[in-house]
Amino acid sequence: FGWIRLLLRLRAFNDNLNKFELLATSDIDKQELVQLRQALSQYRQSRSSIIQLASLTKNAEAYSKYTQETAPLAETFSGKLISIGEKTKISVAALAKQNHNNFIFATTVFAVVIVSSLILILLLSFLIAKRITTRLNDVVNFVNQIATGDFSQTVPMKSLNDKSEFG
């Protein structure tokens, strides 16, 4: 079962590395990933030869190869992996900050548009209501004068030329 878990971890690592390569945007990122792949390949080759030596019960040679070759390769690989992780962490933080600022800007623009629209609607409503009530008051005053028996008033030309309900 140990080998199965090891193979699953190896597969997951390779899958994650492949996914990470898809995210690399700059030439520097891509170059660092190539170097990381090379270091990983060298480490795996060295590790395979150590396993082969150990399976032949050449333990002293395997240990010597590990300390002189494989351990430094593992350190190089780990260092490159940590370096890439730190750079990614910094760029992700910058991207998150930029997204937050963009969200605040979009929210502000949305609020300004909503408030401006409400002010415009209220202003237009007031102007339309004022125009209607002014014309209606003119008609009511004219009809009240006729109702009191004052037939001397003439209909204004403005009302005669008006094509609305009040004309």
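Visitor: How many salt bridges does the structure hold?
Guide: The structure holds two salt bridges. Keep in mind that this is a predicted model.

Visitor: Which side chain does lysine 87 meet in a salt bridge?
Guide: Lysine 87 pairs with glutamate 32, at 2.2 Å from N to O. Lysine 87 sits in helix α3 and glutamate 32 in helix α2, so the bridge ties together parts 55 residues apart in sequence.

Visitor: Is glutamate 32 buried or exposed?
Guide: Glutamate 32 is buried, because its relative accessible area is 15% and the cut-off for buried is under 20%. Lysine 87 is partly exposed, at 39%.

Visitor: And what about glutamate 69, which side chain does that one meet?
Guide: Glutamate 69 meets lysine 65, at 3.5 Å from N to O. Both lie in helix α3, four residues apart, which is about one turn of the helix. Glutamate 69 is partly exposed at 35%. Lysine 65 is partly exposed too, at 24%.

Visitor: Back to the helices. At what angle do α2 and α3 pack?
Guide: About 160°, with the axes of α2 and α3 9 Å apart. That makes α2 roughly antiparallel to α3, because the angle is over 145 degrees. The crossing of α2 past α3 is left-handed.

Visitor: New topic. Which residues form the nonpolar patch on the surface?
Guide: Leu120, Leu123, Leu124, Phe126, Leu127, Ile128 and Ile132. Together they have about 680 Å² of accessible area.

Visitor: Where is phenylalanine 126 found?
Guide: Phenylalanine 126 is in helix α3, residues 59–147. Phenylalanine 126 counts as exposed, because its relative accessibility is 53% and exposed means over 50%.

Terms used
Residues are numbered from 1 along each chain as its sequence is written. This is a predicted model: local features need pLDDT of at least 70, side-chain atom pairs count only at pLDDT 80 or more; totals for chains, interfaces and linings use all residues. Side-chain values use heavy atoms; hydrogens and water are left out. Patches are made of residues with over 30% relative accessible area and no salt bridge: like charges are joined within 9 Å, nonpolar side chains (Val, Leu, Ile, Met, Phe, Trp, Tyr) within 5 Å. Accessible areas come from the Shrake-Rupley method with a 1.4 Å probe; for residues, only the protein chains shown count as cover. A salt bridge is a side-chain nitrogen of Lys or Arg within 4 Å of a carboxyl oxygen of Asp or Glu. Helices (H or I, at least four residues) and strands (E, at least two) are DSSP runs, numbered from the N terminus. Buried means under 20% relative accessible area, exposed over 50%, partly exposed in between (1.4 Å probe, protein chains only). Axes are lines fitted to C-alpha atoms, for helices over the stretch in contact, and angles run from 0 to 180 degrees between N-to-C directions. Angles under 35 degrees count as roughly parallel, over 145 as roughly antiparallel, 65 to 115 as roughly perpendicular and the rest as oblique. A crossing is left-handed if the near helix is turned anticlockwise from the far one by less than a right angle, and right-handed if clockwise.
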